[in-house]
Amino acid sequence: MQLDNNYIGIFLGFLGYVIFVLLDSIIKKYLVNYYPVIEINFFICLFSFIPIAFALHFISGWKVLINNKIHIQVFRGFLGLICAAIIINSFKNHSFSEIYPILFSAPLIITALSFFILKEKIGPRRLIAVLIGFVGVLIVARPGTIHFTFSLFLLFIGAIILAINVILIRIYASNQSSIAFAFYGFSVGLIVSSLITTQFYVPLKNNDIYIFFLCGIIAGTGGLCISAASKMLESSLFAPLQYFQLIAGFVFGYLFFGDVPDYYEVMGSLVISISGL
């Protein structure tokens with residue numbers, strides 16, 4: 001039974017990460033150059049409630065929303081909205097082969113934060129792996145060159161936010177539903193982005209509402225897949241699944257945009273992946 005659960009969890013994790021790359025590809029190709037980032041966030045949060053509501057009704061039940069850590073959920077929602085805005089904004093000027101390797105410094109940051117916040121022991125091998133991983137990030141970003149932009153710098157902030165969100169889940173998720181985390185995260189994102197969008201709203205063109213609808217469904221479904229996989233798999237099995245997104249990013253970047261990673265992006269990605277694994 002545990003073996004079957006592992007196979008299902010691995011499949012859901014793989015599916016979730018590939019779904020998120022598909023979402024990023026659609027946003028980058030059809031939306032980010034025509035609408036404000038916060039407006040894109042608003043519509044995605046709005047339509048993501050369709051698969052989340054489906055999961056609440058048919059899988060977990062609405063009672064899982066009864067929550068005694070609502071302040072943590074709200075805080076994570078704020079962080080998630082900021083991180084999403086940083087990532088979407090980076091789509092304007094950079095390819096996936098530049099963006100994803102920097103975001104994948106998040107597991108390395110989690111390891112470092114776990115030492116200070118969770119008081120987990122970090123042996124010499126893990127410490128060396130973390131340091132090597134950050135070298136890989138520097139190889140991809142190339143700070144000090146014309147290649148390095150402010151949006152790439154913001155991705156480092158995004159990676160730190162992703163790490164903090166994971167740490168919060170580790171601390172508070174023992175008696176909380178993963179679906180509740182998704183529900184409250186998207187709820188906060190919807191409320192905050194709706195307030196800001198009123199100041200920067202750009203009327204939708206042609207049939208773009210259907211693209212936003214599709215993106216919301218994809219975002220909600222991908223989030224549920226990742227949440228389910230994280231619950232079904234041990235950390236040692238779940239963590240390496242994140243690197244499917246790195247590979248999928250290279251593939252989708254080439255198929256959608258004709259992007260071919262350069263030498264630095266390939267080498268940096270390999271260094272980050274090997275150190276993370």
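This is a predicted model: local features need pLDDT of at least 70, side-chain atom pairs count only at pLDDT 80 or more; totals for chains, interfaces and linings use all residues.
Me: In which helix is Ser187 found, and is Ser187 buried or exposed?
Reply: Buried means under 20% relative accessible area. Ser187 has a relative accessible area of 15%, so Ser187 is buried. Its place is helix α8, residues 178-200.

Me: How far apart are Ser187 and Ser273 in sequence and in space?
Reply: The two residues are separated by 86 residues in sequence and by 33 Å in space, C-alpha to C-alpha.

Me: Which side chain of opposite charge is nearest to Asp24?
Reply: A salt bridge requires a side-chain nitrogen of Lys or Arg within 4 Å of a carboxyl oxygen of Asp or Glu. For Asp24, which is buried, the nearest side chain of opposite charge is Lys28, 10 Å away, and Asp24 has no salt bridge. Asp24 belongs to helix α1.

Me: With which side chain does that of Asp24 make a polar contact?
Reply: The partner is the side chain of Tyr100, at 2.5 Å. Beyond its neighbours within four places in sequence, Asp24 is in contact with Phe91, Phe96, Tyr100 and Gln245.

Me: Which residues form the nonpolar patch on the surface?
Reply: Among them are Phe11, Phe14, Leu15, Phe244 and Ile247, and the patch has about 880 Å² of accessible area together. Helices α1 (2-31) and α11 (243-257) each supply at least two residues, and the largest share, five residues, comes from α11.

Methods: Residues are numbered from 1 along each chain as its sequence is written. Side-chain values use heavy atoms; hydrogens and water are left out. Patches are made of residues with over 30% relative accessible area and no salt bridge: like charges are joined within 9 Å, nonpolar side chains (Val, Leu, Ile, Met, Phe, Trp, Tyr) within 5 Å. Accessible areas come from the Shrake-Rupley method with a 1.4 Å probe; for residues, only the protein chains shown count as cover. Helices (H or I, at least four residues) and strands (E, at least two) are DSSP runs, numbered from the N terminus. Buried means under 20% relative accessible area, exposed over 50%, partly exposed in between (1.4 Å probe, protein chains only). Lys and Arg count as positive and Asp and Glu as negative; His and the chain ends are not counted. A polar contact is a pair of N or O atoms within 3.5 Å; within protein, one must be able to donate a hydrogen and the other to accept it, and residues adjacent in sequence count only if both atoms are side-chain atoms. Contact means heavy atoms within 4.5 Å.
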